[in-house]
Structure formats: C-alpha cells, structure tokens
Amino acid sequence: MNANVEAEGKVGEVRERYGRIASGEISGCGCGLGDGSEQTVALGIGYGADDLAGIEEANLGLGCGAPIAALAPRTGETVLDLGSGAGIDAFLAARAVGAEGRVVGVDMTSGVPVCSLVRSAFESPF
Ligand SMILES: C[S@@+](CC[C@H](N)C(=O)[O-])C[C@H]1O[C@@H](n2cnc3c(N)ncnc32)[C@H](O)[C@@H]1O
C-alpha cells in the first residue's frame, strides 16, 4: 500500500471514531479514569469544576490534561487550539485572553457539535 493511501486511511479512522463520539454514539477515549464519564475524566486530568460549569457539552472527556491551566495564556495573546473538538479549551483560552486576544479552534472531524455557550462566547467575546 502506498504511504498516502495508508495515511488517508488513518485519518479516516480518526475522523470516524471522533465523529461517533461527537454524535453520542460512543463515549470517551477509554482511558479508564473512574467511572469513565466525561466529568470524571475531566476532573481527573486537571480541569476544575469551575472550568466545566456551564460548558458540559464542550467536554467530550477526551483530553490528556488541562492545557490552558498549564499554559496560562495572558490577556491579548493569540491561541491556536488544533484538534479543538467541541471547544472546551478554546472556551477556556478565550476567557483567559479576553476581548483583546484571539482564539482559533480547528478540528478535522466534521459534525463535532460546538457547545452553544462556547459558540456564543466567540460571537460576543469576553
Ligand atoms: C483527543 S480529541 C480532543 C478534543 C478536544 N481538544 C478535547 O479536549 O475535548 C482530538 C481531536 O483532534 C482532532 N484532530 C486529530 N488530528 C487532527 C488534525 N491533524 N487536524 C485537525 N484536527 C485533528 C480530532 O478530530 C479530535 O476531535
């Protein structure tokens, strides 16, 4: 099999799996934290309960850590969230950088529903 065909196959597998998670057909990444619920996973990998309040739909329980808390972006900075999923980190980054900053979320899986509060934060930035 040539390398491009193989790479496209892998991309297709990733899109298919995250698409199924985003549609609610399956859940989580299978990392086995606690009961495996999105909330338990998120709290277990470093998000705070305050981070998650009101943006439950943006938490797909797929992260490997809480990058915005670790990176601590400052007011006015620009953040690129590559592989943003439903927008959990883009939302937290937007809160940190404020109206003078900029956040761009990019995801290759179509059909990932962006949490409504996240979408409204981008329409009327903090
Ligand atoms: C583990 S999930 C994390 C989603 C989100 N950051 C979160 O914490 O809930 C990885 C995401 O990255 C996306 N992704 C993977 N490779 C990508 C690429 N090369 N370009 C854009 N998105 C990508 C997938 O579609 C998936 O939504």
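Is P73 buried, partly exposed or exposed? P73 counts as partly exposed because 19 C-beta neighbours lie inside 10 Å. The cut-offs are 20 or more other C-beta atoms within 10 Å for buried, 12 or fewer for exposed, and in between for partly exposed, with C-beta atoms placed from the backbone.

This is a predicted model, in which local features need pLDDT of at least 70, side-chain atom pairs count only at pLDDT 80 or more, and totals for chains, interfaces and linings use all residues. Residues are numbered from 1 along each chain as its sequence is written.

1. Surroundings of P73. P73 sits in the loop between α4 (67-71) and β1; helices (H or I, at least four residues) and strands (E, at least two) are DSSP runs, numbered from the N terminus. Leaving out residues up to four places away in sequence, P73 touches I68, V79, A93, A96 and V97. Contact here requires C-beta atoms, placed from the backbone, within 7 Å. V11 is 62 residues from P73 in sequence, and their C-alpha atoms are 30 Å apart.

2. A72. The loop between α4 and β1 also holds A72. A72 is exposed because it has 8 other C-beta atoms within 10 Å. A72 is not a glycine, yet its phi is positive, about 45°. Most residues other than glycine have a negative phi.

3. The strands. β1 (residues 78-82) and β2 run parallel and are joined by five bridges; two strands pair if DSSP finds at least two bridges between them. The chain passes from β1 through α5 to β2 in a right-handed β-α-β crossover, that is, the path from the first strand over the helix to the second runs clockwise with the strands pointing away from the viewer. L80 has V104 in β2 as its bridge partner.

4. The ligand shell. The ligand is surrounded by 16 residues, and the closest are G63, G83, G85, M108 and T109. The shell has nine nonpolar, five polar and two charged residues; Ala, Val, Leu, Ile, Met, Phe, Trp, Tyr, Cys and Pro count as nonpolar, Asp, Glu, Lys and Arg as charged, and the others, Gly among them, as polar. Helices α1 (3-22) and α5 (88-97) each supply at least two shell residues.

5. L52. Helix α3 (residues 49-52) contains L52, which is partly exposed, with 17 other C-beta atoms within 10 Å. Not counting residues up to four places away in sequence, L52 touches Q39, A42, Y47 and N59.

Methods
Near = placed C-beta within 6 Å. Contact = placed C-beta atoms within 7 Å.
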